[in-house]
Amino acid sequence: MWPKDVGIRAMEVYFPAQYVDQAELEQFDGVSAGKYTVGLGQSRMGFCNDREDVNSLCLTVVHRLLDRYSIKPTEIGRLEVGTETIIDKSKSVKSCLMQLFEPSGNTDLEGIDVTNACYGGTAALFNAVSWVESSAWDGRLALVVAADNAVYASGSARPTGGAGAIAMIVGPDAPLVLDRGVRASCMRHAYDFYKPDLRSEYPTVDGKLSIQCYLSSLDTCYQRYCDKAKVKRANHDVSLQDFDAVLFHSPYCKLVQKSFARLAFVDFVNSSKNKTAVNHVDLQKFASIALEDTYFNRDIEKAFMDLSKEDFEKKTKPSLFIANQVGNMYTPSVYSGLVSLLINKPVESLAGNKVGVFSYGSGLASSMYSITVSKDASKDSDLRKLVTNLSYVKAQLEARHKVHPEEYTSILASREKNLHTVPFEPQSSIDNMFPGTYYLVKVDDLFRRTYERTPNFK
């Protein structure tokens with residue numbers, strides 16, 4: 001017998017306590033006003049100084065989640081980390097997190113790190129759900145962690161960076177249930193974004209190919225999801241109208257808006273083939289164009305962005321709040337969209353919602369699946385508790401301190417210079433960190449890292 005309603009029972013998000021303003025970065029970089037803020041749809045970008053790395057991000061978000069939900073370390077039976085920020089070619093981030101579980105005697109924890117660009121968090125989530133639904137499940141909870149420090153070399157890609165972490169508790173009787181039996185994936189070999197130089201934090205990026213791969217994977221996943229869902233719905237067609245909200249991996253917010261419009265275009269093409277298209281005379285010229293020939297068709301993009309604008313504002317824009325304020329956190333990105341949705345809509349209006357989710361990782365790996373939100377929004381419901389426990393997010397975003405672009409650039413240059421330096425002691429102050437944040441104390445001459453935690457109060 002399957003455990004009932006397996007899905008996400010708790011969530012915690014963490015982002016560094018400093019950011020750079022995208023409008024100021026435009027001016028500093030000497031680009032036209034609006035290039036980052038309007039063209040990319042970004043307002044602020046969070047980043048790590050030399051005190052934080054992927055280990056500290058994960059330690060912080062996991063400890064905060066356990067504290068906030070009063071979960072004992074012994075209650076966790078699986079722990080899996082999705083990340084593409086590699087600081088050791090052998091030792092996993094998960095092994096570092098065991099520092100939080102060993103004192104309780106809990107070393108019986110399955111799971112390890114999973115890596116494929118921004119998709120690792122989704123792979124870890126799927127694995128956690130599969131574990132709970134398997135014969136190996138021992139009745140305990142699963143913990144999924146997604147974290148990255150997303151930085152780019154100076155140039156056009158740098159403003160699409162970000163940093164942060166998400167932790168999620170997975171188990172039965174969840175307020176956010178991953179729908180069973182309807183999931184679609186697209187996995188291919190591509191060099192759109194990759195990190196071949198292990199001496200550097202920076203990726204190699206083919207910008208145009210990356211967008212094409214993203215949109216192509218979106219088309220494929222969506223078509224396959226709709227085909228599978230149609231079978232489960234006794235041959236009834238599935239479209240955007242079947243979702244109350246749609247979440248996307250967000251490299252930058254404007255691409256997400258274009259992606260929503262892309263799904264509206266796919267719906268239009270499908271309805272045209274089925275002779276059920278709404279009579280849009282101006283759009284009929286697009287009905288017979290092959291999807292693979294339209295990735296950079298500005299006329300189609302504009303037409304369907306206009307057509308889908310109202311639905312985008314309702315179904316997807318609320319999920320871009322953190323992405324706009326922090327940037328692309330890589331593996332946590334799409335799940336920061338889920339957090340954003342939860343904190344930007346009244347709990348009563350979330351109850352019973354069907355949420356579509358598209359996760360993408362370059363190289364490439366992608367999936368589309370759906371989440372059904374619990375119908376119970378009562379005072380003591382798990383859904384309301386989950387949303388209430390995320391009430392700190394907006395206040396902490398505003399509590400961050402702004403760093404001038406010149407200092408931001410200097411910090412990245414220092415990270416680049418000291419990436420493999422040992423022994424190493426960070427120089428950045430810990431005074432402005434959020435309470436309960438783990439930070440790097442030193443790296444010794446054998447590359448062993450030591451962390452401490454700021455007091456959990458101020």
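Predicted model: local features only at pLDDT ≥ 70, side-chain atom pairs only at ≥ 80, totals over all residues.
**View 1. Strand β4 and the strands beside it.** In β5, Val 81 has Asp 113 as its bridge partner. β4 and strand β5 (residues 113-114) line up in the parallel sense, with two bridges between them. β4 also pairs with strand β6 (residues 141-150): six bridges join these two, and they run parallel. One spot to look for is Arg 78, which stands opposite Ala 142 in β6. As for cover, strand β4 spans residues 76-82, and seven of its seven residues are buried.

**View 2. Leu 143 and the nonpolar cores.** Nonpolar side chains in soluble globular proteins tend to be buried together. In this model, the largest nonpolar core has 88 residues. Which of them touch the most other members? They are Met 11, Phe 101, Leu 143, Leu 176 and Val 393. Zoom in on Leu 143 and, leaving aside its neighbours within four places in sequence, you'll find it in contact with Val 62, Leu 65, Ile 76, Arg 78, Leu 79, Glu 80, Phe 101, Ala 167, Met 168 and Ile 169. There's also a second, separate core, made up of 57 residues, and Val 151, Ala 184, Tyr 225 and Met 368 are among them.

**View 3. The bend in helix α7.** Helix α7 covers residues 298-315, and at Ser 308 it bends by about 60°. Is Ser 308 buried or exposed? Ser 308 counts as buried, because its relative accessibility is 5% and the cut-off for buried is under 20%. Not counting residues up to four places away in sequence, Ser 308 touches Phe 260, Ala 261 and Ala 264. Other buried residues in α7 include Ile 300, Phe 304, Met 305, Phe 312 and Lys 315. Now look at the start of α7: there, a side-chain oxygen of Asn 297 comes to within 3.0 Å of the backbone nitrogen of Asp 299.

**View 4. Gln 42, tucked into a loop.** Gln 42 sits in the loop between α1 (22-29) and β3 (44-46). With a relative accessibility of 2%, Gln 42 counts as buried. A polar atom of the Gln 42 side chain lies 2.8 Å from the backbone oxygen of Ala 323. Leaving aside neighbours within four places in sequence, the contacts of Gln 42 include Gln 22, Tyr 36, Thr 37, Tyr 252 and Cys 253. Ala 323, Asn 324 and Gly 327 are also in contact with Gln 42.

**View 5. Cysteines without a partner.** A disulfide is a covalent bond between the sulfur atoms of two cysteines. How many disulfides are there here? The count comes to zero. Cys 226 is in no disulfide, and the nearest cysteine sulfur, in Cys 221, is 11 Å away. Cys 226 is buried too, with a relative accessible area of 6%.

View 6. You'll find Ala 174 in the loop between β7 (162-171) and β8 (176-178). Ala 174 is buried, with a relative accessible area of 6%. Ala 174 and Gly 7 are 167 residues apart in sequence, yet their C-alpha atoms are 5.2 Å apart in space. Not counting residues up to four places away in sequence, Ala 174 touches Asp 5, Val 6, Gly 7, Ile 8 and Arg 9.

Key: Residues numbered from 1 in each chain as written. Heavy atoms only, no water. Buried < 20%, exposed > 50% of the residue type's maximum accessible area, 1.4 Å probe, protein only. Helix = DSSP H or I, 4+ residues; strand = E, 2+ residues; numbered from the N terminus. Pairing = 2+ DSSP bridges. Bend = angle between axes of the 7 residues up to and from the residue. Polar contact = N/O pair within 3.5 Å; in protein donor to acceptor, adjacent residues only side chain to side chain. Disulfide = S-S within 2.5 Å. Contact = heavy atoms within 4.5 Å. Core = buried A, V, L, I, M, F, W, Y, C linked by side-chain atoms within 4.5 Å.
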